[in-house]
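Let me put the structure up, and then I'll talk you through it.

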Amino acid sequence: MRKCPICERGELVKAEDIILELDGYVFVVKGERCNSCNEEIPMEEETKRIVIASKRLGIWPEPLKLYRQLSKSGNGLVFRIPADIEKQLKLDDETEISITKIGNKIVISPEKA
Ligand SMILES: [Zn+2]
């Protein structure tokens, strides 16, 4: 186990819920956490992976991760678009969207009219 470079007392323990802040946006990545001072150190590979994946998805330089709960409506599940995204992407109730499944992720893209 590696020693913590920050407090030099604790040991770095592997964790999968390290908070990584990049340009003011927050991601949850794999990395290590000190068991003494709780300093979180994201894996460098993970940081690169996030940047590359964001660019590929066309969301860089504005990657955004939000947590939302789906709600039940009739027989289906409803996802509410956050207001700031609605404004940024100029969405309204006439916007057509495409839904792409990538692995276990869902990408929602507005179709330009
Ligand atoms: Zn430490």
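So, contacts in the chain: if you take those with a separation of 6 or more, 29% of them are between residues 24 or more positions apart. And keep in mind, this is a predicted model.

How much of the chain is buried? Of its 113 residues, 7% count as buried. As for the elements, we've got two helices and seven strands. Starting at the N terminus, the order goes β-β-β-α-β-β-α-β-β.

Let's stop at one residue, I41. You'll find I41 in strand β3, which covers residues 40–42. Is I41 buried or partly exposed? I41 counts as partly exposed, because it has 17 C-beta neighbours inside 10 Å, and the cut-off for buried is 20 or more. Who does I41 touch? Setting aside neighbours within four places in sequence, I41 is in contact with L12, G31 and E32. Then there's K30: 11 residues from I41 in sequence, and 8.8 Å from it in space, going C-alpha to C-alpha.

Now over to strand β6, residues 96–102. None of the seven residues in β6 is buried, so this strand lies largely in the open. What does β6 pair with? That's strand β7, residues 105–111, in the antiparallel sense, over seven bridges.

Notes: Residues numbered from 1 in each chain as written. Predicted model: local features only at pLDDT ≥ 70, side-chain atom pairs only at ≥ 80, totals over all residues. Helix = DSSP H or I, 4+ residues; strand = E, 2+ residues; numbered from the N terminus. Buried ≥ 20, exposed ≤ 12 C-beta atoms within 10 Å, placed from the backbone. Contact = placed C-beta atoms within 7 Å. Pairing = 2+ DSSP bridges.
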